[in-house]
Amino acid sequence: MIDNSTKTAFNICACICAQDGIISSQEEASLAANFKLQFQINDDDVEALFDDFFETTLHIDSYLKKVTDTDLRKKITAIAQNSAAADGLALKENISLERVKMIWGLS
């Protein structure tokens, strides 16, 4: 079972990657690899996270409010940046990433 903090972290990262209109196969692979490594989940869990992301109607700000731990915030922004840059960091993705860092007080 995937815990809520992992779901929230994934949804934030996926929201950032989707800012250019699509989550590319490179971004998808990077998200999967990073989440398996950093959150000790498996392929089925990653698939469930993607399914959940594409079915949700929540805005990224709803997820941002749920994350209060500074270390988790840093982990999320690092994964999001790495994944969004997997196919070239688009301007909208970069703006979204910088906005998240600003809201969370990260530099």
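**Figure 1. Overall dimensions of the predicted model.** The C-alpha atoms fill a box of roughly 30 × 30 × 25 Å along the principal axes. Of the 107 residues, 43% count as buried. Buried means under 20% relative accessible area, exposed means over 50%, and partly exposed lies in between (1.4 Å probe, protein chains only). This is a predicted model: local features need pLDDT of at least 70, side-chain atom pairs count only at pLDDT 80 or more, and totals for chains, interfaces and linings use all residues. Residues are numbered from 1 along each chain as its sequence is written, and side-chain values use heavy atoms, with hydrogens and water left out.

Figure 2. The protein has six helices and zero strands. Its pattern along the sequence is α-α-α-α-α-α. Helices (H or I, at least four residues) and strands (E, at least two) are DSSP runs, numbered from the N terminus. K7 sits in helix 1 (residues 4-17). K7 is partly exposed, at 30% relative accessibility. K7 and L64 are 57 residues apart along the chain, and their C-alpha atoms are separated by 12 Å.

**Figure 3. The salt bridge between D61 and R99.** The structure holds three salt bridges. A salt bridge is a side-chain nitrogen of Lys or Arg within 4 Å of a carboxyl oxygen of Asp or Glu. In the pair of D61 and R99, the closest N and O atoms are 2.8 Å apart. This pair links distant parts of the chain: D61 lies in helix 4 (residues 60-64) and R99 in helix 6 (residues 91-104), 38 residues apart. D61 is partly exposed, at 24% relative accessibility. R99 is also partly exposed, with a relative accessible area of 33%.

**Figure 4. The salt bridge between K101 and E98.** These side chains meet with an N to O distance of 3.6 Å. K101 and E98 are three residues apart in helix 6, so about one helical turn separates them. K101 counts as buried because its relative accessibility is 12%. E98 is partly exposed, with a relative accessible area of 40%.

Figure 5. The side chains of K36 and D43 form a salt bridge (2.5 Å, N to O). K36 is partly exposed, with a relative accessible area of 31%. Q40 is in the loop between helix 2 (25-39) and helix 3. Q40 has a positive phi of about 50°, although it is not a glycine. Most residues other than glycine have a negative phi. Q40 counts as exposed, at 62% relative accessibility.

**Figure 6. A negative surface patch.** D44, E47, D51, D52 and E55 form this patch. Patches are made of residues with over 30% relative accessible area and no salt bridge; like charges are joined within 9 Å, and nonpolar side chains (Val, Leu, Ile, Met, Phe, Trp, Tyr) within 5 Å. Asp and Glu count as negative, Lys and Arg as positive; His and the chain ends are not counted. The place of a charge is NZ of Lys, CZ of Arg, CG of Asp or CD of Glu. Accessible areas come from the Shrake-Rupley method with a 1.4 Å probe. D44 is in helix 3 (residues 43-55). D44 is exposed, with a relative accessible area of 59%.
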